[in-house]
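The structure is shown first.

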Amino acid sequence: MRIGVNTRLLLKGKLEGIGWFTYQTLERMVHQHPEHDFFFFFDRPYDESFVFSTNVTPVVIPPQARHPILFTLWFDWTIPYVLKKHKIDVFLSPDGFCSLRTPTPTCLVVHDLAFEHYPEHLSFSNRHYWKFFQPKFANKAKRIVTVSEYSKQDMVDHYDIDPAKIDVACNGVHDAYRVLDWKEKEAIKQKYADGCEYFVFAGALHPRKNILNMLKAFVAFKKMQRSDMKLVIVGRFAWKYEEVLEMKENMPFKDDVKWVGYMNIDELPNVIGAAYCLLYPSIFEGFGIPILEALKCNVPAIVSNTSSMPEVAGDAGLLVNPADVEDIANKMEMMYKDESLRARLIAKAPEQVAKFTWEKAADVLWDSMMQCVKK
């Protein structure tokens, strides 16, 4: 069988949520199924590390699809041509977009419908593209895969899709995440947090991540406790971050907030693994991989009580209302003052992590693709 895959988000040094899902599931599938041929379709020059096996043929096809007009050109004109040219039997698209002009059966991965809930967080062009095309993509696809039970139900509710058409392939955790020993933690704290304990946030910085309320809660926590606790923020400034930059410069206790930028997999597991607690008061998530990454390191989490996050954190996290700064600050104080509570959360972490693996995700994704080609 010849399998075509949209791999335009496999970008060296820039893998985030969807990119990691694509990387982790594809790497496993191509090795588990050497009898099949995979064609990876990139929209720009690719890194050789993404050619996982000899049964992978990389193909670069223009244009670079990073704008709604270019999305349309890439998916509805270039993709149908290369699918036909390479005689592809099934097309896998892990980023929520697909072609409306190809007869090739499509397995579509939709990670979330955040734009349906918070359209104001997107640019005008992206918002209208997704609002118009996502229902069409969902109906065009022969099978849909999503990453949480919440996101599955969200698609059923918004697009009136038969739930039997949707499979759930939850995210997993990279093997680099592990429990650090005391010496390793101390070295990381010295490097990033002036030798102090710290809360950590990891993710791209944009409105949906609720950075402003997190910073306000950290200020409130510091006023309550007057401790040496730091806040380490890992992630690139993505879009609509002007208010965050302003607060970064003018907030109280700004020297206790460490902005370290984007980190690759060589260092991020250490920074998360040495943290006292993960802060993840995001407004909305289709899954929330950093939550699972922290739990894998035996780092408890404070997460929002919305969307998929309670599903991911389970009994290993404290839930907060992301709109309530006081609630977030109070949960930070609880985590800081109550060591027995923190220990109970940590004890629950391994059991929760075991529910979500990349192996399970890859198997579900493969089975979903195979259903696409059934007669």
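Helices (H or I, at least four residues) and strands (E, at least two) are DSSP runs, numbered from the N terminus. Ser307, for instance, is found in the loop between β12 (301-304) and α11 (309-313). The model is predicted: local features need pLDDT of at least 70 and side-chain atom pairs count only at pLDDT 80 or more, whereas totals for chains, interfaces and linings use all residues. Residues are numbered from 1 along each chain as its sequence is written, and side-chain values use heavy atoms, with hydrogens and water left out.

**Salt bridges**

- A salt bridge is a side-chain nitrogen of Lys or Arg within 4 Å of a carboxyl oxygen of Asp or Glu; by this rule the count comes to 18.
- Side chains of opposite charge can pair when their charged atoms come close.
- Arg8 pairs with Asp95, with 2.7 Å between the closest N and O atoms. Arg8 lies in the loop between β1 (2-6) and α1 (17-32) and Asp95 in the loop between β4 (90-93) and β5 (106-109), so the bridge ties together parts that are 87 residues apart in sequence.
- Buried means under 20% relative accessible area, exposed over 50%, and partly exposed in between (1.4 Å probe, protein chains only). Arg8 is buried at 6%, and Asp95 is buried at 10%.
- Asp194 forms a salt bridge with Lys258, the closest N and O atoms being 2.9 Å apart. Because Asp194 is in the loop between α6 (182-192) and β8 (198-202) and Lys258 is in strand β10 (residues 257-261), this pair ties together parts that are 64 residues apart in sequence. Lys258 counts as buried, at 18% relative accessibility.
- Asp256 and Lys230 meet through their side chains in a salt bridge of 2.5 Å, N to O. Asp256 belongs to the loop between α8 (242-250) and β10, and Lys230 to strand β9 (residues 230-234), 26 residues apart. Asp256 and Lys230 are buried.
- A network of salt bridges links Asp43, Arg44 and Arg66.

- Ile18 is found in helix α1 and is partly exposed, with a relative accessible area of 28%.
- The C-alpha atoms of Ile18 and Asp95 are separated by 6.4 Å, although these residues are 77 residues apart along the chain.

**Helix α14**

- Helix α14 (residues 358-372) has 15 residues and reaches 21 Å from its first C-alpha to its last, close to the 21 Å expected at 1.5 Å a residue. The expected span is 1.5 Å times one less than the number of residues.
- The buried residues of α14 are Trp358, Ala361, Ala362, Leu365, Trp366, Ser368, Met369 and Cys372. Seen down the axis of α14, they fall within an arc of 160 degrees, so they line one face of the helix. The arc is that of the directions from the helix axis to the C-beta atoms.
- An α-helix has 3.6 residues a turn, so residues three or four places apart point the same way.

**Cavity and pocket**

- On a 1 Å grid over the protein atoms alone, a cavity is a set of points where a 1.4 Å probe fits but cannot get out, and a pocket is an open set with protein on both sides within 12 Å along at least five of seven lines; lining residues have an atom within 4 Å of a point. Volume is the space filled by probe spheres set on the points, which are joined across faces, edges and corners.
- One cavity of 30 Å³ or more is found in a search of the whole structure. About 50 Å³ of space lies in the largest cavity.
- The lining of the largest cavity includes Trp20, Gln24, His174, Ile265, Glu293 and Trp358. The elements that give two or more residues to this lining are α1 and α10 (289-296).
- The second largest pocket has a volume of about 210 Å³. Its lining holds 13 residues, of which Lys12, Gly13, Leu15, Trp20 and Ile265 lie nearest its centre.

**Backbone geometry**

- Most residues other than glycine have a negative phi, and most peptide bonds are trans.
- The peptide bond from Pro62 to Pro63 is cis, with omega near -5 degrees; Pro63 is in the loop between β3 (56-60) and α2 (68-85).
- Lys87, in the loop between α2 and β4, has a positive phi near 55 degrees. Lys87 is exposed, with a relative accessible area of 63%.
- Ser307 also has a positive phi, of about 45 degrees, although it is not a glycine. At 18% relative accessibility, Ser307 counts as buried.
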